[in-house]
Amino acid sequence: NPIIVDLKALTYDLDTELPINGVTVQVIEKLPDGSERVIQEQVNEYGNDFIFPLESEKTYAIRATKPGYKPLEELELSTKDLLQPESFLAELYMKRTSFVDYLPLAIYFDNDYPDVNSNSRRTNTSYAETIDDYYARKDEYKSLFAEPMEEEESFLTAQRYEQFFEREVRKGYEDLIAFAEVLTPFLERGNEVRLQLKGFASPRAEDGYNMNLSSRRIYSVENFFRSYNNGQLLEYINQDLLIFDRESYGERQAPNYVNSFLDDERNSIYSLGASLERRVEILEIEVRLNEEDIESPDLRSFSSKGGRD
């Protein structure tokens with residue numbers, strides 16, 4: 001009778017040693033004639049564990065890939081000459097080489113924030129200091145915009161605002177924190193990162209004011225990185241290993257349908273169209289790897305857990 005064999009694979013980030021979700025793991029059979037064929041492939045978007053049933057008297061290779069990570073060097077496994085059922089464990093440690101899996105990243109602002117009624121292009125305010133107050137105004141935004149609507153339309157509008165504040169405002173900030181967390185160990189390896197920060201504003205004020213406002217928004221995001229985790233990234237900023245490119249667009253890319261009239265606060269401040277324009281985007285992250293990171297292989301461990309009961 002054939003011997004039952006299975007493989008459990010676990011995927012981890014090499015720097016943080018934390019589990020990586022969204023990895024694609026392939027099991028490839030190595031054929032006697034030197035050719036190979038992919039017999040199983042799994043993608044786990046919500047976890048880092050994979051289970052593969054294998055056959056005895058075979059030679060396999062395991063491969064793991066994910067955008068933003070160096071493809072894992074091929075790991076071989078033989079199930080030949082097994083005398084009893086067996087389970088194998090492969091712990092796959094993958095090395096980050098880019099941040100494509102975090103793009104695009106958009107961060108949203110309350111109207112005229114930071115530094116209300118200011119004409120300065122810079123600010124000392126960190127984005128982290130603005131997000132809680134903005135999120136706390138969620139119900140105010142919903143009620144003020146939906147107030148003149150009929151009941152059904154008001155209900156649907158309130159749902160759209162709920163989605164915006166949860167999926168864009170709150171999630172954008174959570175993604176920014178998650179990015180900063182993985183950025184730190186990447187810079188510790190001596191790699192260089194250049195962030196392209198683009199700032200935008202809704203068209204409520206005049207163009208020059210909005211150019212300055214979107215510039216302040218860019219600097220507030222930069223201040224977030226400067227103050228993150230008690231200044232953990234500051235030394236890399238000072239060493240030009242973490243570099244910021246700033247592009248202020250003001251209202252120039254706002255669609256024509258976004259209201260700009262000062263006497264129409266409902267549409268020029270509280271509408272979703274206007275809210276979507278008040279943001280900073282990170283659309284491009286340029287990475288320069290040090291020589292060691294380019295040449296060194298990924299780490300992976302492989303072990304047998306022994307036979308079954």
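**View 1. Residues lining the largest pocket of the predicted model.** In this predicted model, the largest pocket has a lining of 24 residues, and those nearest its centre are Asp-101, Tyr-102, Asp-175, Ala-178 and Val-182. Strand E8 (105-108) and helix H3 (151-188) are the elements that give two or more residues to this lining. Helix H3 supplies the largest share, namely eight residues.

**View 2. Volume and residue classes of the largest pocket.** The volume of the largest pocket is about 490 Å³. Its lining comprises twelve nonpolar, three polar and nine charged residues.

**View 3. The second largest pocket.** A volume of about 180 Å³ is computed for the second largest pocket. Among the residues that line the second largest pocket are Asn-111, Asp-112, Tyr-113, Val-116 and Asn-117. The lining also includes Ser-202, Arg-204, Ala-205, Tyr-209, Asn-210 and Leu-213, together with Leu-262. Sorted by class, the lining of this pocket holds six nonpolar, four polar and two charged residues.

**View 4. The largest cavity.** The model contains one cavity of 30 Å³ or more. Tyr-108, Phe-109, Asp-110 and Tyr-113 belong to its lining, as do Tyr-127, Thr-130, Ile-131 and Tyr-134. Six nonpolar residues, one polar residue and one charged residue make up this lining.

Note on methods: Residues numbered from 1 in each chain as written. Predicted model: local features only at pLDDT ≥ 70, side-chain atom pairs only at ≥ 80, totals over all residues. Heavy atoms only, no water. 1 Å grid on protein atoms, 1.4 Å probe; cavity = no way out; pocket = protein on both sides within 12 Å on 5 of 7 lines; lining within 4 Å. Points joined across faces, edges and corners; volume = space filled by probe spheres on them. Helix = DSSP H or I, 4+ residues; strand = E, 2+ residues; numbered from the N terminus. Nonpolar A, V, L, I, M, F, W, Y, C, P; charged D, E, K, R; others polar.
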